[in-house]
Amino acid sequence: MKPHLLNVSTNSVDSFSARRDTMPDVNNLWHYHSALELIYIKKGRGTQFIGDSIKNFSDGDVVLVGSNLPHYWRFDPEFFEQTTGESVDVYAIHFKEDFLGAAFIDLPENQELKKIIAQSKQGIKLEGISKAKIASLMPQIIAATGTMRIIKLLEVLTEIANCDEKNMLVSLGFKPNFLENEKDRIQSIYNYTISNYKNKIELKEIAAVAKISPNSFCKFFKTKSRKTYTQFLNEIRVGQACKLLIENDLTVKEICYDCGFYNFTSFHKYFREITGKTPLKYQQAFSKQ
């Protein structure tokens with residue numbers, strides 16, 4: 001499962017990179033880099049892949065991705081269509097663990113920061129009051145200059161360290177395998193699955209996309225992703241069902257079939273396994289917010 005290696009460049013003036021993106025196709029591929037990435041989705045929705053984690057993302061999400069952890073934010077189709085009027089607004093900061101010098105993170109006062117950097121290898125989604133504070137600080141980092149820029153980033157990292165509502169996204173034992181001859185295979189699988197999840201995807205069909213035999217595909221996918229392709233496909237379908245349930249425009253049964261499930265009982269089973277709730281309970285939880 002070879003993600004693309006991206007070189008996150010910084011100029012000779014800056015010790016870390018901070019930018020604002022308004023296009024949905026920036027780094028729109030399965031990739032990794034040596035820098036940590038802090039991302040704030042001010043506006044945008046889609047499917048988030050980090051390591052072996054598949055989640056929906058939406059307006060307001062704040063996530064810290066560790067060094068060399070593969071990730072991919074795929075925005076929903078409407079953000080690529082000019083006629084919908086949907087726009088993207090994303091703030092991204094990339095920094096090396098030693099951006100303030102190799103000894104800085106080992107200072108006694110920085111043990112909590114060092115802990116957060118270690119935890120970031122699992123990917124961290126921030127929630128609660130800290131998420132709102134970090135979201136407000138990230139535009140300030142981009143606008144700041146000189147020493148204040150560094151101070152603002154340290155303020156954000158301190159807020160992450162003190163956050164009481166952190167969700168670890170990636171399995172503790174996840175270890176990416178970077179094999180050169182598998183460079184584009186996982187990207188093709190992801191793209192095809194997201195484009196065709198409403199249909200019944202046969203094993204030979206997805207194996208052809210990956211350009212390997214059906215038997216080899218099963219072994220490849222399970223070894224690299226630590227889940228079967230059926231599990232992966234059901235996670236994509238349930239993720240789409242979650243979006244539709246929140247929008248509350250369709251009945252639960254209509255959502256079941258719209259997301260590619262052909263059996264209402266199976267839909268309930270997989271939905272509960274993945275989310276911990278029945279579709280109706282999930283919908284009710286959001287309607288009360």
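Analyst: The accessible surface of the protein comes to about 14,800 Å², and 50% of it belongs to carbon and sulfur atoms; such areas come from the Shrake-Rupley method with a 1.4 Å probe, and for residues only the protein chains shown count as cover. Please keep in mind that this is a predicted model, in which local features need pLDDT of at least 70 and side-chain atom pairs count only at pLDDT 80 or more, while totals for chains, interfaces and linings use all residues. Residues are numbered from 1 along each chain as its sequence is written, and side-chain values use heavy atoms, with hydrogens and water left out.

User: How many of the 289 residues count as buried, as a percentage?

Analyst: Of the 289 residues, 45% count as buried, where buried means under 20% relative accessible area, exposed means over 50% and partly exposed lies in between, using a 1.4 Å probe and protein chains only.

User: And how many helices and strands are there?

Analyst: The protein has ten helices and eleven strands, taken as DSSP runs (H or I of at least four residues for helices, E of at least two for strands) and numbered from the N terminus. The radius of gyration is 20 Å, close to the 19 Å from the globule rule for 289 residues, so the protein is as compact as a globular protein of that length; the radius is taken over C-alpha atoms, and the rule is 2.2 Å times the number of residues to the power 0.38.

User: Which residues touch the most other members of the largest nonpolar core?

Analyst: Leu38, Ile93, Phe95 and Ile160 do, in a core of 28 residues; a nonpolar core is a set of buried Ala, Val, Leu, Ile, Met, Phe, Trp, Tyr and Cys residues joined through side-chain atoms within 4.5 Å. Among the elements that give two or more residues to this core are β4 (36–43), β9 (89–95) and α3 (146–162). Apart from it lies another core, of 20 residues, including Phe49 and Phe221.

User: Switching topic, is Gln122 buried or exposed?

Analyst: Gln122, which lies in the loop between α1 and β10, counts as buried because its relative accessibility is 19%. Leaving out residues up to four places away in sequence, Gln122 touches Leu69, Met168, Leu169, Val170, Ser171 and Leu172, where contact means heavy atoms within 4.5 Å.

User: What about Lys222, and which residues does it touch?

Analyst: Lys222 sits in helix α6 (residues 214–225) and, at 44% relative accessibility, counts as partly exposed. Not counting residues up to four places away in sequence, Lys222 touches Lys227 and Thr228.
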